[in-house]
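Q: Could you take a close look at one part of this protein for me? I would like a connected walk through a single site and what surrounds it.

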Amino acid sequence: MKDTLILAIESSCDETAASVVKNGRTILSNVISSQIALHTLYGGVVPEIASRKHIEKINQVIEQALADADVTLDDLDAIGVTYGPGLVGALLVGVAEAKAIAYAKKLPLVGVHHIEGHVSANYIEHPDLEPPFLCLIVSGGHTHLVIVKDYGEFEILGRTRDDAAGEAFDKVARAIGLGYPGGPKVDKLSKEGNPNAIEFPKAKIGDCPYDFSFSGVKSAVLNYINHAQMTGEEINRADLAASFQKAVVDVLVEHTMLAAKDYGMTKIAIAGGVASNGTLRAAMEEACKKNNYSFYRPSPIFCTDNAAMIGVAAYYEYIKGTRHGWDLNAVPNLKLGER
Ligand code: KG4
Ligand code: ZN
C-alpha cells in the first residue's frame, strides 16, 4: 500500500514547528523553532511578538522539515495544521500557511485540535497503544482527565476549575524568581530540594472527584513567600519548589488513579508540556506499576509543543475523512471534541 505523507504545522503559542509524518506514526522530521529567548525578556509570551516571529520563521521551518524528511511538496498527501485553541494571531499564521500550500498543491486540508495533538504524541513511540485509554492532559492552558474512546474521540471526566497545571508552575516560578518558562525551572530546582519540607494544601473538589484546582496551592505559595518576607526569614527556594511540585503531582496522580479504578481503565497515558516533568513521570509510573496498569508517555520533546504530534492527529482525522474547507479559520477557544 502507498505510504501516506502529511506535512503538519503548529504555531499556536511560542514555537513555530513543522513535521513530516508517514502513515500516522513514523516521524520523518520534527523541526521546532522556539521563541523562548525572545519572550524571556518579558517574563511570559507576548502574543504580538509571537505572531510576528511565526510569520518570519514559518517558511524556513517548513523547508527544513521537508529537507530533513527528504521529500518535496509533490510527495505529500495532506496538510495538517493546528487551528485552535491558542493565541489567535499565532494560530492565524499556521492556518494561512497551511491553506496556501494546500490550495497551491491541491491537497486536502485537515485542521487539528491542539490538545488532540498532545494526546496523539503518545502514539509516536508506543506502536502498541490504541484507544481506549485514560489520558491526563497537562499543558500551559489545559488540565483535563479524559477517556480516549477512539482516535480523536474523548469523554472528559475532569478538568481544572481555575488555573491549568502548567500555569500554576509558571506563576509559582515567577513568584520565587525563577522567571519564564517556569515549569522546567521548577522541575530542575526541585531536584535539590526536600519535597516534604513544606506542606501545601491539596484541593479537594466536592462534587467531581476528577476535577482539579490549583489556585489554592498557588496562593499558599505566595502567602508563604509574603510571610517570610515580612518576618525576614530566609526562603529555601529549592525546598519551596519541591514542596509545591509534590502537592501538584500528588493530586494529578491521585485523580488519575481514581478515574482508572472507577472506569476500569488499565492503560494510562500523560500528555502536554507538564508531562515532561520528571517527578510527575516517575510518580505516575510507580502508581501504574503498583496497580498493574500499562503506562505510556511521550519523550519530553514530544510533550511540549511540536508539529509531529499534530501530524499524527491529522493522519487519524484524515483516514476518518475529516477535511476542512478554504474557509478554515483560527478558533482560539476551540473545545476538545469540536471539529
Ligand atoms: O503543552 P505546552 O508546551 O504548551 C501548551 O499547549 O500550553 O505546555 C507548556 C507548559 C508551560 O506552562 C510550562 O511551564 C510547562 O508546560 N512545562 C513544565 C515542564 N516543561 C514544560 N511544567 C513542569 N515541568 C516541566 N519539566
Ligand atoms: Zn501545547
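A: Happy to, and let's start with Asp187. Setting aside residues up to four places away in sequence, Asp187 is in contact with Gln245, Ser276, Asn277, Gly278 and Thr279. Please keep in mind that this is a predicted model. Asp187 sits in helix H6, and its relative accessibility of 12% makes it count as buried.

Helix H6 spans residues 182–190 and also holds Gly183. Gly183 counts as buried too, at 16% relative accessibility. Beyond its neighbours within four places in sequence, Gly183 is in contact with Phe169 and Asp170.

These residues also turn up in the annotation. An unreviewed UniProt entry lists Ile137, Val138, Ser139, Gly140, Gly141, Asp170, Gly183, Asp187 and Asn277 under "binding site". From this set, Ser139, Gly140, Gly141, Asp170, Gly183, Asp187 and Asn277 are part of the lining of the largest pocket.

The "binding site" annotation in the unreviewed UniProt entry also covers His114, His118 and Asp305. These are spread over 192 residues of sequence, yet they cluster in space, with a largest C-alpha distance of 8.9 Å. The lining of the largest pocket includes His114, His118 and Asp305.

His118 counts as buried at 1% relative accessibility. Not counting residues up to four places away in sequence, His118 touches Ser139, Ala271, Gly272, Gly273, Cys303, Thr304, Asp305 and Met309. One of these, Ser139, is among the residues in the UniProt "binding site" list that includes Asp187. Asp305 is buried as well, with a relative accessible area of 15%. With neighbours within four places in sequence left aside, the contacts of Asp305 are Glu10, Ser12, Cys13, Glu15, Ile32, His114 and His118.

The domain assignment gives domain 1 as 5–119 + 303–320 and domain 2 as 131–297. The centres of the two domains, taken over C-alpha atoms, are separated by 27 Å. Contacts between them involve 18 residues of domain 1 and 19 residues of domain 2. Together, domain 1 and domain 2 bury about 1,400 Å² between them, 70% of it on carbon and sulfur atoms. Ile115, Val119 and Cys303 supply 37% of the area that domain 1 buries against domain 2, more than any other three residues. Cys303 is also one of the residues that His118 touches.

One last stop is Gly152, in the loop between strand S7 (143–150) and strand S8 (153–159). Gly152 is buried, with a relative accessible area of 11%. Although Gly152 and Tyr316 are 164 residues apart in sequence, their C-alpha atoms are 7.5 Å apart in space. Apart from its neighbours within four places in sequence, Gly152 is in contact with Glu116, Glu317, Lys320 and Arg339.

Definitions and conventions
Residues are numbered from 1 along each chain as its sequence is written. Chains are lettered from A and ligands numbered from 1 in the order in which they are written. This is a predicted model: local features need pLDDT of at least 70, side-chain atom pairs count only at pLDDT 80 or more; totals for chains, interfaces and linings use all residues. Side-chain values use heavy atoms; hydrogens and water are left out. UniProt positions are given in the numbering used here, feature names are shortened, and annotations may be inferred rather than shown by experiment. On a 1 Å grid over the protein atoms alone, a cavity is a set of points where a 1.4 Å probe fits but cannot get out, and a pocket is an open set with protein on both sides within 12 Å along at least five of seven lines; lining residues have an atom within 4 Å of a point. Helices (H or I, at least four residues) and strands (E, at least two) are DSSP runs, numbered from the N terminus. Buried means under 20% relative accessible area, exposed over 50%, partly exposed in between (1.4 Å probe, protein chains only). Contact means heavy atoms within 4.5 Å. Domain bounds come from an automatic or database domain assignment. Buried area is the accessible area (1.4 Å probe) that two parts lose on being put together, summed over both.
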